[in-house]
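Please consult the sequence and the structure shown here while reading.

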Amino acid sequence: MDEALKAGKISAVANVILTVLKIAAGVLVNSTALIADGIHSFVDVLGSLLVWLGIRIASKPADPSHPYGHFKAESLAEMSVGLIIILSSLLILHDATLSLINGSVPAFEMYAILVALFSALVNEILARYKIRIGLDTRSSSLIAEGKHSRVDVLSSLSVVAGLILVYLGYWWADAVVAMAISVFIFQIGAGILKNSLDVLMDRVDEEVIVKVMSVMDKIEGVESVEFVATRGTWKSKVVEVHFTVNPGMDAETIDAIEREIADEIKGRIPGVVDVVAVVKVSRPRVLAIPVDEDGNFTGELDSPQFMIVSLESGEKKIVKNEHHKAEKRKGYLISECLEKHGVSIVAVRKVGEGAKAHLRSRGIVVKLIDSNLKDVEDIIKSFQRS
């Protein structure tokens with residue numbers, strides 16, 4: 001972390017020097033492109049300071065007010081940099097357009113060329129330095145700053161090309177190059193803004209999800225994985241995983257599984273600082289099929305009786321629906337009855353929203369049956385195959 005902070009300070013100082021040199025040279029020779037490049041370097045100063053501040057805050061440990069740590073501070077810094085860069089690109093585009101309309105022509109001076117070339121050299125050195133330190137410290141904002149410096153190299157070389165073209169008689173080249181620089185700057189700003197928003201919005205890292213699932217597949221005692229999510233930066237990630245275990249498993253064994261999951265994920269996936277494991281006890285798959293008094297499928301929740309089927313063992317029984325004629329709280333009473341019989345799935349053709357909510361609140365999944373399925377045995381087989 002100290003190396004990352006040091007890199008941010010060095011970048012800020014270097015860009016202050018480049019800003020003064022390029023803007024001064026640009027004003028002296030009346031070069032919109034060189035002034036634009038100088039403004040870009042000034043933006044780099046602000047970017048370096050914000051990244052430095054973000055890295056410093058992100059390095060703070062977790063506390064009661066921030067139980068997941070302060071890692072998003074780095075992403076907030078990135079977002080600020082992205083917004084500033086986009087704004088500067090629009091200002092440069094505005095000035096370049098006015099220069100083109102007014103027919104402003106810069107003077108060709110060798111010192112302006114030398115300033116631009118010097119800027120390109122310094123920015124390439126900064127780019128390599130920041131990207132290397134960013135990779136070593138796993139700082140996404142510092143790597144973004146390094147890539148930004150690499151674009152500055154192209155910007156400075158474009159300024160040289162523009163001044164040479166003006167010298168050869170293409171008076172409009174300086175303004176056109178400034179416009180091109182503004183587009184480069186805008187693209188970089190948009191990319192940085194997107195990366196920061198992905199982190200702030202907790203966008204799922206698909207690569208990490210695949211690795212977590214690979215870990216979970218090898219943990220003995222885990223019956224199924226129901227949910228996996230990630231949050232955080234490249235350097236500091238929090239993984240949340242919901243999984244089910246056998247209902248007969250004791251608390252001590254479940255605790256051991258949780259510890260193994262956390263240790264395996266942290267050990268195999270770089271950057272994971274915390275694992276939130278949510279354990280759910282799996283329920284037997286028991287299906288309720290509404291039938292009439294002759295045992296025919298009705299598809300209605302308020303049928304006179306239910307056929308209750310264990311999908312694992314195939315055991316069946318008929319249960320009377322004592323509430324099928326109830327005038328009040330029918331959905332609530334039927335869902336309560338099904339829960340008492342251990343039902344986890346109910347097969348219907350249609351169901352009201354209120355009754356569905358009551359069933360779900362008791363952990364009973366509602367499955368809508370295709371109109372082609374009419375025979376009770378066919379319905380049972382369709383669930384046993386799924």
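## Gly-162 in helix H5

Gly-162 counts as buried, at 0% relative accessibility; buried denotes under 20% relative accessible area, exposed over 50% and partly exposed in between, with a 1.4 Å probe and protein chains only. The residue belongs to helix H5, which spans residues 140-167. Helices (H or I, at least four residues) and strands (E, at least two) are DSSP runs, numbered from the N terminus.

Neighbours within four places in sequence set aside, Gly-162 is in contact with Ala-173, Asp-174 and Val-177, where contact means heavy atoms within 4.5 Å. The C-alpha atoms of Gly-162 and Trp-172 are 8.8 Å apart, with the two residues 10 apart in sequence.

## Model and overall composition

This is a predicted model, in which local features need pLDDT of at least 70 and side-chain atom pairs count only at pLDDT 80 or more, while totals for chains, interfaces and linings use all residues. Residues are numbered from 1 along each chain as its sequence is written, and side-chain values use heavy atoms, with hydrogens and water left out.

The chain contains 11 helices and 8 strands. Of its 386 residues, 45% are buried. Among contacts with a separation of 6 or more, 65% are accounted for by residues 24 or more positions apart.

## Packing of H3 against H6

Two packed helices are described by the angle between their axes and the distance between the axes. Helix H3 (residues 72-102) and helix H6 (residues 173-200) pack at an angle of about 160°, and their axes are 7 Å apart. Axes are lines fitted to C-alpha atoms, for helices over the stretch in contact, and angles run from 0 to 180 degrees between N-to-C directions.

H3 and H6 are therefore roughly antiparallel to each other; angles under 35 degrees count as roughly parallel, over 145 as roughly antiparallel, 65 to 115 as roughly perpendicular and the rest as oblique. Their crossing is left-handed, a term used if the near helix is turned anticlockwise from the far one by less than a right angle, and right-handed if clockwise.

## Helices H9 and H10

The axes of H9 and helix H10 (residues 353-361) cross at roughly 30° and come within 8 Å. That makes H9 roughly parallel to H10. Gly-331, Tyr-332, Ser-335 and Leu-338 of H9 make the contact with Ala-355, His-358 and Leu-359 of H10. The crossing of H9 and H10 is right-handed.

Arg-360 also lies in helix H10 and counts as exposed, at 58% relative accessibility. Arg-360 and Ser-335 are separated by 25 residues in sequence and by 8.8 Å in space, C-alpha to C-alpha. Arg-329 is located in the loop between E6 and helix H9 (330-340). Arg-329 is not a glycine, yet has a positive phi of about 55°; this residue is exposed, with a relative accessible area of 55%.

## The buried side of H11

In helix H11 (residues 376-385), the buried residues include Val-376, Ile-379, Ile-380 and Phe-383. They cover an arc of only 100° around the axis, which puts them on the same side of H11; the arc is that of the directions from the helix axis to the C-beta atoms. An α-helix has 3.6 residues a turn, so residues three or four places apart point the same way.

The buried residues of H11 pack against strands E4 (286-291), E5 (305-310), E6 (316-320), E7 (345-348) and E8 (365-368). At the start of H11, a side-chain oxygen of Asp-375 comes within 3.0 Å of the backbone nitrogen of Glu-377.

## Buried polar residues in strands

His-242 is found in strand E2 (residues 237-245) and counts as buried, at 14% relative accessibility. The side chains of His-242 and Glu-240 are joined by a polar contact of 2.8 Å. A polar contact is a pair of N or O atoms within 3.5 Å; within protein, one must be able to donate a hydrogen and the other to accept it, and residues adjacent in sequence count only if both atoms are side-chain atoms. Residues up to four places away not counted, His-242 touches Ser-224, Val-225, Glu-226, Phe-227, Val-278 and Lys-280.

Ser-310 is part of strand E5 and is buried, with a relative accessible area of 18%. With residues up to four places away in sequence excluded, Ser-310 touches Arg-285 and Glu-315.
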